[in-house]
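Here is a short report on one protein chain. Keep the structure open as you read.

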Amino acid sequence: MSQIRFELHANDGAARTGVLKTPRGDIRTPAFMPVGTAATVKALYPEQVRSAGADIILGNTYHLMLRPGADRIHRLGGLHEFMRWDGPILTDSGGFQVWSLAGLRKLTEEGVDFQSHIDGSKYHLSPERAIEIQADLLGADISMQLDECTNFPCTEEDARSSMELSLRWGARCKAAFGARETQALFGIVQGSVFDDLRKESAARTIETGFDGYAIGGLAVGEGLETMCHVLDITVPALPANKPHYLMGVGKPIDLVEAVSRGIDMFDCVMPTRSGRHGQAWSDYGPVNLKRAEFAEDNSPLDPDIDCPASRDYSKAYLHHLVRAGEYLAAMLLSWHNVAYYEHLMARMRAAIREGRFDAFASEFRARWAQGMS
Ligand SMILES: Nc1cc(CSc2ncc[nH]2)c2nc(N)[nH]c(=O)c2c1
């Protein structure tokens with residue numbers, strides 16, 4: 001009997017809140033997962049990631065198999081020990097990064113051959129190897145099936161053949177994963193922006209049977225309106241009693257719209273990457289601290305957030321650090337951005353519990369639109 005259980009505590013329309021219980025800790029949903037690509041959430045100590053409110057972080061099969069190597073991490077005690085993160089870790093299977101980063105890629109039914117973007121060395125990634133790396137060598141609490149993130153835009157024919165490949169790879173990942181008590185395996189629904197393909201992919205991925213269901217192939221340039229349409233079609237086709245994970249999403253407004261449509265889990269490099277580029281996130285959109293208007297603004301980024309980076313430092317100081325190119329700029333802005341994202345998730349969980357999510361979402365949309373105007 002699996003020790004990983006998803007409990008739903010409240011619904012409000014299509015939005016829901018609950019907890020995904022794992023042996024390494026509970027994940028409060030809707031959840032945002034900071035990305036720890038190369039065994040670090042960039043510019044943050046694990047303690048800061050935890051204190052910012054994150055219950056779970058993401059790891060990357062592609063990056064870690066290239067450097068320092070999955071076998072080496074295994075010899076050193078696994079990814080949790082290696083990076084001193086004692087909470088749950090979800091790892092992506094690598095297919096997406098092979099297409100977005102690697103050189104010289106060759107896709108066959110068996111898997112994908114590619115060259116490292118770091119030193120050009122050659123690698124092969126099959127569904128079976130992706131499971132071995134994630135579950136056995138890295139020790140991920142939640143592994144993702146190997147899939148193909150379908151290019152966007154594409155023809156319905158191309159979307160179908162890509163979806164079919166991901167379905168076949170999903171079945172092979174399930175077989176390789178086997179029955180595990182303390183680890184979970186999530187399937188990934190593809191089908192691009194075609195309603196019938198999305199429904200078919202969801203139904204056939206459920207037929208294979210997974211512990212959770214990700215919606216892939218989005219946040220690839222389709223835009224918020226199209227993403228929301230695909231969610232309106234796909235989420236109702238997923239089992240209500242399993243977690244729904246929207247991969248690679250997104251900006252704060254994307255999270256609010258997707259939670260309102262029944263998404264439980266998110267990951268995105270946005271808060272950490274934009275923090276390294278001098279941007280702080282807020283309900284009004286991104287704030288570029290480089291701008292001269294902040295040079296003598298003694299107010300903090302967000303006094304409502306219980307995080308030193310948000311509460312104790314002035315925008316004027318952050319403006320100075322960004323302009324000076326100081327390391328502390330990236331450290332404090334990454335810390336604030338992760339805390340802001342986690343605070344937004346906590347606000348949404350409370351709104352759903354209290355049956356006021358629609359009001360919360362409407363007020364958020366108004367602030368976002370005001371900031372964007
Ligand atoms: N937009 C998007 C983002 C990611 C990366 S999620 C991630 N990996 C590491 C960090 N974050 C995807 N990953 C997979 N496997 N499939 C997808 O369709 C897909 C789509």
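## A buried alanine

Ala-351 is found in helix H14. Helices (H or I, at least four residues) and strands (E, at least two) are DSSP runs, numbered from the N terminus. The model is predicted: local features need pLDDT of at least 70, side-chain atom pairs count only at pLDDT 80 or more, and totals for chains, interfaces and linings use all residues. Residues are numbered from 1 along each chain as its sequence is written, and side-chain values use heavy atoms, with hydrogens and water left out.

Is Ala-351 buried or exposed? Its relative accessible area is 0%, so Ala-351 is buried. Buried means under 20% relative accessible area, exposed means over 50%, and partly exposed lies in between (1.4 Å probe, protein chains only). Leaving aside residues up to four places away in sequence, Ala-351 touches Asp-12, Arg-356, Phe-357 and Phe-360. Contact means heavy atoms within 4.5 Å. Ala-351 and Ala-15 are 336 residues apart in sequence. In space, the two are 9.8 Å apart, C-alpha to C-alpha.

## Two packed helices

Two packed helices are described by the angle between their axes and the distance between the axes. Helix H13 covers residues 315-324, and helix H14 covers residues 327-353. Their angle is about 130 degrees, and their axes are 7 Å apart. Axes are lines fitted to C-alpha atoms, for helices over the stretch in contact, and angles run from 0 to 180 degrees between N-to-C directions. H13 and H14 are therefore oblique to each other. Angles under 35 degrees count as roughly parallel, over 145 as roughly antiparallel, 65 to 115 as roughly perpendicular and the rest as oblique.

Which residues meet in H13 and H14? Tyr-317, Leu-318, Leu-321 and Val-322 belong to H13. They meet Leu-328, Ala-329, Leu-332 and Leu-333 in H14. The contact of H13 with H14 has eight nonpolar residues, no polar and no charged. Ala, Val, Leu, Ile, Met, Phe, Trp, Tyr, Cys and Pro count as nonpolar, Asp, Glu, Lys and Arg as charged, and the others, Gly among them, as polar.

## A covered helix

Helix H10 spans residues 252-259 and is mostly covered. Eight of its eight residues are buried. Among them are Pro-252, Asp-254 and Glu-257.

## A three-stranded sheet

An open sheet has three strands in the order E1-E2-E3, with antiparallel pairing. Its edge strands are E1 (5-12) and E3 (25-29), and each pairs on one side only. The twist averages 15 degrees from one strand to the next.

E1 and E2 (residues 15-22) pair in the antiparallel sense over seven bridges. Two strands pair if DSSP finds at least two bridges between them. Ala-10 stands opposite Thr-17 in E2.
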